[in-house]
Amino acid sequence: MSLVRTCPPTKVARLAGSFCQATARHRRTAVLLKRWSASMQTEVRVRFAPSPTGFLHLGGLRTALYNYIFAKKYGGSFVLRLEDTDQSRLVPGAADSIEDMLEWAGIPPDESPRRGGPLGPYLQSQRLPLYREAAARLVESGGAYRCFCSAQRLELLKKEALRSGQTPRYDNRCRHLDPQQVEEKVSQGMPSVIRFKLEEGVEPFEDIVFGWNRHEVAQVEGDPVVIKADGFPTYHLANIVDDHHMKISHVLRGSEWLISTSKHILMYRALGWQPPVFAHLPLLTNKDGSKLSKRQGDIFIQSFQRNGILPEALLDITTNCGSGFNNNQMGRRMEELISEFTPSKITTHSALIDLEKLPEFNKLHLQHRIEDEPKCRALIHDLRVHIQQTFAAEIQDQDVLQEDYIRRILRLRKGHISSLQELVSPAYAYLWVRPSFSLQQAALLTSEASHIASLVLQLIGEDVPPLQQLTADLKSLAKQAKVTKYKDVMKLLRLTLSGLQQGPSVAEMMVSLGPAEVRRRVQKLLRSESTAGLDQNLLHSSNSVVQ
C-alpha cells in the first residue's frame, strides 16, 4: 500500500496530504534512481536538446539548468544536442547563440556541437543515417509503413474533422496497403513518408515528478510521421534514436512532452531498446500563471545579458520560483544549487516567476561579485568599457579609468545598484565627467557659498576622512554656517560635486571622488563666485554657469 493511501481520511490527513504526496515522490525518486543504478547503465547522462529555430529563452534555460544540476549532482555528463531537422525554420546564428548563452550562464555542456564528444555528432542533421536505419528496421519489422497520402488529402481530412467538431487525425489509410501496392507506388516515384504504427495497450511508465502515467495515444491520434518526405526525421523518432545512441540515462524535459512519452516508449519497445528514466518538469510561467511567450521579447537570454543581468541572478530567480530544493532562498550560487538539489522535491504545479523581482536578485549577486576580488577585477574591466563607450571624449581626467578608482566606486555603491549600467546613467555621470551647474542654483540655496566652500577646503586635505567620520565632520561644518541650514549646506555641496539635486550622500560623493577631485570642484565654485562678484549679486547672474 502506498504512503498516500495509508493517510487516514480525516481532516488531519487532508492537511497532511501534501506531506504524504511529497514523501511518496521521495520514495518514488529513490526507487527509480536505485533501479537505474542497478542496471547496466554506469553513468548519469542527461541532455538539453533545443531546436535552433529560435534563440534561447528563459524556459529553455531553466530546462538546461535542471539537466546541468542533475548531472553534476550525480557525477554525470550534460550533453547539448541541437535538433535542427526542421531545416525550413532554422534561424541563422541561433545554434551558436544557444551554446554561447549556456556558457555565459555558467552551465556549459560537457559534450556539444562546439566541444565535440565521444558520442557525436551533436547536430541531428549530421545523424541522418541513424534515423533512416531505425526507420528501416521499423518498416521491416512491421512497426512502421510508407504513407503516400498527398498534402491535399491530409488537408481534406483536417477540414472534415474540424467541420464535425472532432480533433484532426490521420485515418491510417496507408497502414493497410499490401507489399505489392507499396512496391508499385515506390516504382512510380510517388513521394512518401514513413509512419509509425500506434498500438493500443500502452505500458504505464513511472515519471520522477508525475508518478505513474499512461496515455492510450492510439485512441486519440493517427499514426505519426517519423520520416518526412525530405528524408529528415520528425522529433518523435529522432529524439529516441539520439537518446539511445548517446546513452542518455535520464530525460528531464518540459511537462508538455508528458503526453507524448507513451508514444516514445512504444517506439523504444518496437526497436528493442530500453527507455531512459523520465522526469517532466512543470512549466515556467508568468507570475499571473500565463504562459511565457517569446513575443514578450525580454525573455530571451541575450536580452537579459544586454541589460546587465548577471547569470547567477538569472539562475537564482529561476530556481527560487520553482521546486526541487530543500528551501527557497535568495542568493544561492551554483555550488549551493547542486548540493541542495533534490529531484523528489520537484512538484507538479507550474513555477510562477516574477521578473519584477529580478533587479533585487541581480543587486545581491552583483554584491557577491564585488566582494570576490577576481570577479571584481572582471567587473572593473566591464565597467571601464561602459564608461568609455558612454562618455568617450567628455572625460577630462583619465584617472577615472584607473582600476583603484573604479574599485572604490563599486565598493561604495555595493548594495545600492542593481547593474553596472546604472553607474553610467546620468545619475552617476559626475563620477566620470566634471559637472556643470548655474550660479543661480547655488544662490537659491545660500548666500554664503564662498564661506561654505572655504570650510570644505579646510576639511579636505591630502586625504578624505573615512566615510563615517566624514559624515560627522560635515555635520560639524554645517554648524559653522551663519544662516544656512544643514540640509541646504548638503544641497550646495551635492550640486558642486555632482551638478545634481539628488544622489548618494555628500560624504560618499567625496570619498568616491577622492581629495584632489573634491578640492578641484570646490575651488571651481569659489573661483566662479569671485568672478561673478559678491554673494549678494548671485541672484542676478542667472546665465553664469560653473563648468
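Colleague: Which residue stands opposite Phe 78 in β2?

Modeller: In this predicted model, Val 46 is the residue that stands opposite Phe 78 in strand β2.

Colleague: And what is the bridge partner of Arg 45 in β2?

Modeller: Arg 45 has Ser 77 as its bridge partner in β2. Taken as a whole, strand β1, which covers residues 45–48, is joined to β2 by four bridges, and the two strands run parallel.

Colleague: Which way do the residues of β2 point?

Modeller: Strand β2 spans residues 77–80, where Ser 77 and Val 79 point one way while Phe 78 and Leu 80 point the other way, and all of these are buried.

Colleague: New topic: how many disulfides are there?

Modeller: The count comes to zero disulfides, where a pair of cysteine sulfur atoms would have to lie within 2.5 Å to be included. Cys 147, for example, is in no disulfide, and the cysteine sulfur nearest to it, that of Cys 174, is 3.8 Å away.

Colleague: What about Cys 174, which cysteine sulfur is nearest to that one?

Modeller: For Cys 174 the nearest cysteine sulfur is that of Cys 149, at 3.6 Å, and Cys 174 is likewise in no disulfide.

Colleague: Are Cys 147 and Cys 174 buried or exposed?

Modeller: Cys 147 is buried, with a relative accessible area of 2%, and Cys 174 is also buried, with a relative accessible area of 6%.

Colleague: Zooming out, how many helices and strands does the chain have?

Modeller: The chain has 23 helices and 13 strands, and 50% of its 547 residues count as buried.

Colleague: What share of the contacts comes from residues 24 or more positions apart?

Modeller: Among contacts in the chain with a separation of 6 or more, residues 24 or more positions apart account for 74%.

Key. Residues are numbered from 1 along each chain as its sequence is written. This is a predicted model: local features need pLDDT of at least 70, side-chain atom pairs count only at pLDDT 80 or more; totals for chains, interfaces and linings use all residues. Side-chain values use heavy atoms; hydrogens and water are left out. Buried means under 20% relative accessible area, exposed over 50%, partly exposed in between (1.4 Å probe, protein chains only). Two strands pair if DSSP finds at least two bridges between them. Contact means heavy atoms within 4.5 Å.
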